[in-house]
Amino acid sequence: MATDSNRFQAIISHCKEYGFIFPSSEIYDGLQAVYDYGQWGAELKKNIRDQWWKSMTQMHDNIVGIDAAIFMHPTTWKASGHVDGFNDPMIDNKDSKKRYRVDHLIETHADAMRAQGKAAEADALISEMEKLDAAGDLVGLKKLIDDYNIKCPISGTANWTDVRQFNLMFSTEFGSTVSENADENKVYLRPETAQGIFVNFLNVQKTGRMKIPFGIAQVGKAFRNEIVARQFIFRMREFEQMEMQFFVRPGTQQEWYEYWKEERLKWHLSFGNPASDYRFHDHTKLAFYADAACDIEYNFPMGFKELEGIHSRTNYDLTQHEKYSKKKLQYFDNEINPETGKPYGNYVPYVIETSIGLDRMFLSVICAAYDEEDLSTDGKQDSRVVLRFPAKLAPIKLAVFPLLKKDGLPEIARDIMAKYRGEFKCFYEEKDAIGKRYRRMDAIGVPFCVTIDHQTKEDNTVTIRYRDSMQQERIAIDQIGEIVGKAIK
Ligand code: GAP
């Protein structure tokens, strides 16, 4: 069994070895913090995305989904505050030439202090950092790094530059004309999908005849020039977000914020992990426009970390877009206000946002699923690696094996494939001994395998083998669809 400290490394290796995740452009030695999803990774990711989409747009009558472009008018990012404010304080080590996000550098140091039993000092360090960060005190942050003698993990020295702000947005040139002013053709790769929702708020509200409260959901790529690219797909430069903006009447945001906290936690728990693997982290330091914010943290192998953010963003974004676009982004609420006896009238709605990284959700799913099981009995050593995915997320639902490559068994197996492939993802395999085939399917998390043997020809039954228990039983071919279908519902 992998120990806690090397479990994460084992999961990363497994992802590569079994076609889930590869480093991007690996033949050229990869690109830092960019990853490609392989054949099973892409299926798993799609299943997670589909579950989220369904939970938002199908299970809520008042939420619709959109698919906005990655490129947006550059003023969008001026209005949203990203051009001026999407910065992180950075510091460079002069010896290793490595750049670090100051908060990550200090957090890593605090973690090391905790590991040495200095939890109270570590908490004091973090709280001091948060105070200085909130005040934008770059000189104070540098002094904190000096005072604690925080060293670069690469060079081992404390030979630091000053702390500077660094914008995390990627930009590129738009169109083919060369302009004198380089900034004129500059467009950004969106750092969040949310703004595509805000700028379409009225389009959707009017064409969908949406009544408040209502939500707009979106899944799509986002890009951030993260400085400290680490922890596999936890923090990437190109990633996917699943975001939903829920538009509410001003004054009701607190109750909707609580509603969405609960609703989102319920969604996570629906995948069967223990509740103790999740916790809320309420933000004490709020963005200036937010009136409440929290993270749902998951117990990753490297500890509890942010998986999803839930933010009460007030009417900040829509108001900013009104200001910069000079277009009204308001809603006419004809419900009667019991206090005045008159309709609530025109207002800029308040917004509760739920925002989760699809890649980060993928990481939580694969970390929860990964199991190294010791199967040794009576002095006979044996083990297996099994991915215990919830069946509805598994990349492949059913593997179909003819016991032998002859005697008409492959033909029956092919018929079973043809019967069920329209309903769920099936996989055909006839190579190697059955035991080996089972282990290969365990390693990619296939919940059900069926084997076709000579008895099948006589009575139309197959052996079904259950991934988690490894139990086998004889069932009629006609029962396969029911068993798998029930598990993936
Ligand atoms: N619209 C709000 C927003 O973007 P955020 O906290 O910056 O908020 C939301 O990001 C979620 O997106 C995070 O909880 C995380 O799951 C995911 N995320 C953010 N940056 C990421 C990165 N560099 N790599 C992978 N996922 C990331």
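This is a predicted model: local features need pLDDT of at least 70, side-chain atom pairs count only at pLDDT 80 or more; totals for chains, interfaces and linings use all residues.
Of the 21 residues around the ligand, Glu 192, Arg 224, Met 236, Glu 243 and Glu 306 come nearest. Residues are numbered from 1 along each chain as its sequence is written, and side-chain values use heavy atoms, with hydrogens and water left out.

**The ligand site**

- A polar side-chain atom of Glu 226 lies 2.9 Å from a nitrogen atom of the ligand.
- Met 236 uses its backbone: a polar atom there is 2.8 Å from a ligand nitrogen atom.
- In the side chain of Glu 243, an N or O atom is 2.5 Å from a nitrogen atom of the ligand.
- On its own, the ligand has 560 Å² of accessible area, and the protein covers 90% of this. Accessible areas come from the Shrake-Rupley method with a 1.4 Å probe; for residues, only the protein chains shown count as cover.
- Strands (E, at least two residues) and helices (H or I, at least four) are DSSP runs, numbered from the N terminus.
- β13 gives the most to this shell, with five residues.
- By class, the shell has six nonpolar, five polar and ten charged residues. Ala, Val, Leu, Ile, Met, Phe, Trp, Tyr, Cys and Pro count as nonpolar, Asp, Glu, Lys and Arg as charged, and the others, Gly among them, as polar.

**The nonpolar cores**

- A nonpolar core is a set of buried Ala, Val, Leu, Ile, Met, Phe, Trp, Tyr and Cys residues joined through side-chain atoms within 4.5 Å. Buried means under 20% relative accessible area, exposed over 50%, and partly exposed in between (1.4 Å probe, protein chains only).
- The largest core has 62 residues, and Phe 20 and Ile 366 touch the most other members.
- Helix α12 (residues 358-369) gives the most to this core, with eight residues.
- Leaving aside neighbours within four places in sequence, Ile 366 is in contact (heavy atoms within 4.5 Å) with Ile 11, Cys 15, Phe 20, Leu 44, Leu 387 and Phe 389.
- Apart from this core lies another, of 21 residues, among them Ile 412, Ala 413, Phe 448 and Val 462.

**Asp 359**

- Asp 359 lies in helix α12. Asp 359 is buried, with a relative accessible area of 3%.
- Its side chain reaches the backbone nitrogen of Glu 240 at 2.7 Å. This is a polar contact: a pair of N or O atoms within 3.5 Å; within protein, one must be able to donate a hydrogen and the other to accept it, and residues adjacent in sequence count only if both atoms are side-chain atoms.
- Beyond neighbours within four places in sequence, the contacts of Asp 359 are Tyr 37, Lys 45, Ile 233, Met 236, Phe 239 and Glu 240.

**Thr 319**

- Thr 319 is found in helix α11 (residues 316-325). Thr 319 is partly exposed, with a relative accessible area of 31%.
- The side chain of Thr 319 reaches the backbone oxygen of Asn 315 at 2.5 Å.

**The whole chain**

- The chain has 16 helices and 23 strands.
- Of its 489 residues, 49% count as buried.

Note on methods:
A residue is near a molecule or strand if one of its heavy atoms lies within 4 Å of it.
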